[in-house]
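Work through these exercises with the model open beside you. Try each task before you read its solution.

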Amino acid sequence: MLFYCKKCNNDIKKLNFQEEFHLEIWAMLRQGLKLFAIQRLVDEYKLSHKEAKTVIAHYNDYGKCHRCNYNHLDKEYINCPQCNAFNYNLKPKTSFNTEFCTYLSFKLNFDDLGIDEIKAYWCDGIDSIPRNIIDLSKSNILKNKSIITKAWIGKSGQDEYEMEILLGDESIILYEQNESLIPCIPTSDFKDWINIDTSRKHIQIQLK
Ligand SMILES: [Zn+2]
Ligand SMILES: [Zn+2]
């Protein structure tokens, strides 16, 4: 199947992205790795370089037109009502996103862990792109019940830690439904859900 973009007069292939492949492409584009994403499409779907480039050019961040400043695109495979450009507009299929990571970083309270060494520690950020992007597929979440990523923690908030986020029963159910995981972050009894090892630069978080 082909889409047609009235803005650039190009035919665009409709690709059926499998979940893990979609996650890979999405993560590559978020990291600015456009050329790698084009090459992955060429390899996976046997597209010509030009066809793959055209797909990637129309692969936007969900909601935002890739061409103009319109940011209310609300359907997949949609023409922008403002500039007429075609947008793939696929939703990223994961609840592990920047919103969740930002929220979690604010909720980490090191003072209440009762360890002198880490008093005044804080978290300056959590990477929403995990070490291995396909860990975010639903089947892998169900199997591993964990996500491994990076976090920046310390007195200056700048030491790089490996962060292991363990998903409990509630978060697994919400994850399968693409719902927000924010309600699964405990709000008290920090010792029960934050486990930090400063010598190994490792932190483990247990969600509900
Ligand atoms: Zn176009
Ligand atoms: Zn537009």
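**Exercise 1. Sort the residues of strand E6 (residues 146–154) by face: which are covered and which are uncovered?**

Solution. Start with the covered face: it holds Ile147, Thr149, Ala151 and Ile153. Then take the uncovered face: Ser146, Ile148, Lys150, Trp152 and Gly154. Strands (E, at least two residues) and helices (H or I, at least four) are DSSP runs, numbered from the N terminus.

A note on the model before you go on. It is predicted: local features need pLDDT of at least 70, side-chain atom pairs count only at pLDDT 80 or more, and totals for chains, interfaces and linings use all residues. Residues are numbered from 1 along each chain as its sequence is written, while chains are lettered from A and ligands numbered from 1 in the order in which they are written.

**Exercise 2. Find the strands that pair with E6, and say in which sense they run.**

Solution. Two strands pair if DSSP finds at least two bridges between them.
- Step 1. E5 and E6 run antiparallel, joined by 4 bridges. Here Cys123 has Ile153 of E6 as its bridge partner.
- Step 2. E6 and E7 are also antiparallel, over 8 bridges. Trp152 is bridged to Glu160 in E7.
- Step 3. Look at the turn. The hairpin of E6 and E7 has 4 residues between the strands, and Gly157 has a positive phi near 75 degrees there.

**Exercise 3. Describe strand E9 (residues 202–206): its faces and its partners.**

Solution. 
- Step 1. Ile203 and Ile205 make up the covered face. His202, Gln204 and Gln206 make up the uncovered one.
- Step 2. E9 runs parallel to strand E7 (residues 159–166), with 5 bridges between them. Glu164 pairs with Gln204 in E9.
- Step 3. Strand E8 (residues 194–197) is antiparallel to E9, over 4 bridges. Ile196 stands opposite Ile203, and Ile194 has Ile205 as its bridge partner.
- Step 4. Between E8 and E9 the hairpin has 4 residues, and Lys201 takes a positive phi near 50 degrees.

**Exercise 4. Which residues touch the most other members of the largest nonpolar core?**

Solution. 
- Step 1. A residue is buried if 20 or more other C-beta atoms lie within 10 Å of its own, exposed if 12 or fewer, and partly exposed in between, with C-beta atoms placed from the backbone. A nonpolar core is a set of buried Ala, Val, Leu, Ile, Met, Phe, Trp, Tyr and Cys residues joined through C-beta atoms within 7 Å.
- Step 2. The core has 44 residues, and Ala151, Met163 and Ile203 touch the most other members.
- Step 3. Elements giving two or more residues include helix H1 (19–30), E6, E7 and E9. H1 supplies the largest share, 5 residues.
- Step 4. Zoom in on Ile203. Leaving out residues up to four places away in sequence, Ile203 touches Ala151, Ile153, Tyr161, Met163, Asn195 and Ile196.

**Exercise 5. Is Asn9 buried or exposed, and where does Asn9 lie?**

Solution. Asn9 sits in the loop between strand E1 (2–5) and strand E2 (10–13). Asn9 is exposed, with 7 other C-beta atoms within 10 Å. Now check the backbone. Most residues other than glycine have a negative phi. Asn9 has a positive phi, near 55 degrees.

**Exercise 6. Repeat the check for Lys46: where does Lys46 lie, and is Lys46 buried or exposed?**

Solution. Lys46 lies in the loop between helix H2 (34–45) and helix H3 (49–57). Lys46 is exposed, with 9 other C-beta atoms within 10 Å. Phi of Lys46 is positive, near 55 degrees.

Notes
Contact = placed C-beta atoms within 7 Å.
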